[in-house]
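My entries follow in the order in which I made them.

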Amino acid sequence: MKGGSGRATPVALVVGGIVSVQCGAAAATKLFDDVGPVGTVMMRLVFAAVVLMVIWRPRLSALRGSHAGDLIAFGVALAAMNTSFYLALDRIPLGIAVTFEFVGPLGVAFASSRRRLDLVWAVIAGVGIVLLTPTPGSDLDLLGVVLALVAGGFWAAYIVLTGRIGRAFPGGQGLALAMVVASALILAPGIAAGGSALLDPGFLAIGFAVAMLSSAIPYSLELEALRRLARGTFGVLMSLEPAVAATIGFIALGQDLSTLELVAIGLVVIASAGALRTAPPPAEA
């Protein structure tokens, strides 16, 4: 009984992190009409950077050190991933956006594996993606799909760079510094997009909540869970992300999905669980 309880705790942390991220994404959409997707990204990254810098207290001089290149690349990936995802979220439902975005970590898993079984997972994931892809006359916005796929590409870069940064900096210091870089990159476009609405206390409060739900809270929960969970188990749990996103989108945003779309999301979740469960650790950089 004790062993089951010990295992349930880190699992709950991972699931809690996933729910937190998707609740943050749902909250972010409430700002789109007033400050725009880019303005929302700017608030999320700036607030998250401030909080993470206070928590981890890294030295800013590291941005000029031997790992400056990786930190800058990590910051670019963070800024581009979040911007393209929020732009996609402004056009297509949350569950579908996350499903297309998930091709990023799925691609990393396939690229690092030579197992024949992964061909099966790739085919299943491909079927799911094809079923979701808009056809002539479809209500699904094609540009939104493209933007979600772009976000997935940057998510893949984020995963690769996370390993390098994690080995170079203790705790979350590397993430905090990369968040500063990302904030600097998005600051001017975000202010231009949001304008004077960024000074509204209500919007600032939502932006802070988005930063906490989407960055600070899930990162902390996942970091703690990874200390007690096998990498494969963690990957399987993370594959629930598209399904959780679809659920949050339905509950919080009233985004109904067709039966075909739900089946497609289910196929991607199954393929992701299989691929991530058997994926080997990333190669040392």
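**Entry 1: Arg57**

I started with Arg57, which counts as exposed because its relative accessibility is 65%. For this label I used the cut-offs of under 20% relative accessible area for buried, over 50% for exposed and partly exposed in between, with a 1.4 Å probe and protein chains only. Arg57 sits in the loop between H2 and H3. I noted a positive phi of about 50 degrees there, although Arg57 is not a glycine. Helices here are DSSP runs of H or I with at least four residues, strands are runs of E with at least two, and both are numbered from the N terminus.

**Entry 2: ground rules**

This is a predicted model, in which local features need pLDDT of at least 70, side-chain atom pairs count only at pLDDT 80 or more, and totals for chains, interfaces and linings use all residues. Residues are numbered from 1 along each chain as its sequence is written, and side-chain values use heavy atoms, with hydrogens and water left out.

**Entry 3: rings**

I looked up how many aromatic pairs the structure holds, and there are 5. A pair here means rings of Phe, Tyr or Trp (its six-membered ring) with centres within 6.5 Å; planes under 30 degrees apart are stacked, over 60 edge-to-face and the rest tilted.

I took Phe32 and Tyr86, whose ring centres are 5.8 Å apart with planes at 55 degrees, so this pair is tilted. Phe32 belongs to helix H2 (residues 32–56) and Tyr86 to helix H3 (residues 68–89), so the pair ties together parts that are 54 residues apart in sequence. Both Phe32 and Tyr86 are buried. Next I checked Phe85 and Tyr86: the centres are 6.1 Å apart and the planes at 50 degrees, so this pair is tilted. Phe85 has a relative accessible area of 7% and is therefore buried. For Tyr86 the value is 1%, so Tyr86 is buried. I recorded Phe32, Phe85 and Tyr86 as a cluster linked by ring pairs.

**Entry 4: Thr83**

Thr83 is in helix H3. Its relative accessible area is 15%, so Thr83 is buried. Leaving aside neighbours within four places in sequence, I found Thr83 in contact (heavy atoms within 4.5 Å) with Val38, Val41 and Ile186.

I looked at Ser183 in helix H8 (residues 173–194). Ser183 counts as buried because its relative accessibility is 8%. Its side chain reaches the backbone oxygen of Met179 at 2.8 Å. Not counting residues up to four places away in sequence, Ser183 touches Leu45, Val46 and Ala49.

Ser272 is in helix H12. With a relative accessible area of 0%, Ser272 is buried. With residues up to four places away in sequence left out, Ser272 touches Phe102, Leu106, Ser239 and Arg277.

**Entry 5: two loop residues**

Is Leu31 buried or exposed? Leu31 is buried, with a relative accessible area of 0%. Leu31 lies in the loop between helix H1 (2–29) and H2. Not counting residues up to four places away in sequence, I listed its contacts as Gly36, Thr40, Met43, Phe203, Ile206 and Gly207. Leu31 and Arg59 are 28 residues apart in sequence, and their C-alpha atoms are 33 Å apart in space.

Ala197 is in the loop between H8 and helix H9 (201–226). Ala197 is buried, at 17% relative accessible area. Ala197 and Val35 are 162 residues apart in sequence and 6.1 Å apart in space, C-alpha to C-alpha. With residues up to four places away in sequence not counted, Ala197 touches Asp34, Val35 and Phe203.

**Entry 6: second largest pocket**

I ended on the second largest pocket, which holds about 220 Å³ of space. On a 1 Å grid over the protein atoms alone, where a 1.4 Å probe fits, a pocket is an open set of points with protein on both sides within 12 Å along at least five of seven lines, and lining residues have an atom within 4 Å of a point. The volume is the space filled by probe spheres set on the points, which are joined across faces, edges and corners.

I found 16 residues in the lining, with Leu132, Ser138, Asp139, Leu140 and Glu261 nearest the centre of this pocket. Helix H6 (117–132) and helix H12 (259–278) each supply at least two lining residues. I noted 8 nonpolar, 4 polar and 4 charged residues in the lining. Nonpolar means Ala, Val, Leu, Ile, Met, Phe, Trp, Tyr, Cys and Pro, charged means Asp, Glu, Lys and Arg, and the others, Gly among them, are polar.

Technical notes
A polar contact is a pair of N or O atoms within 3.5 Å; within protein, one must be able to donate a hydrogen and the other to accept it, and residues adjacent in sequence count only if both atoms are side-chain atoms.
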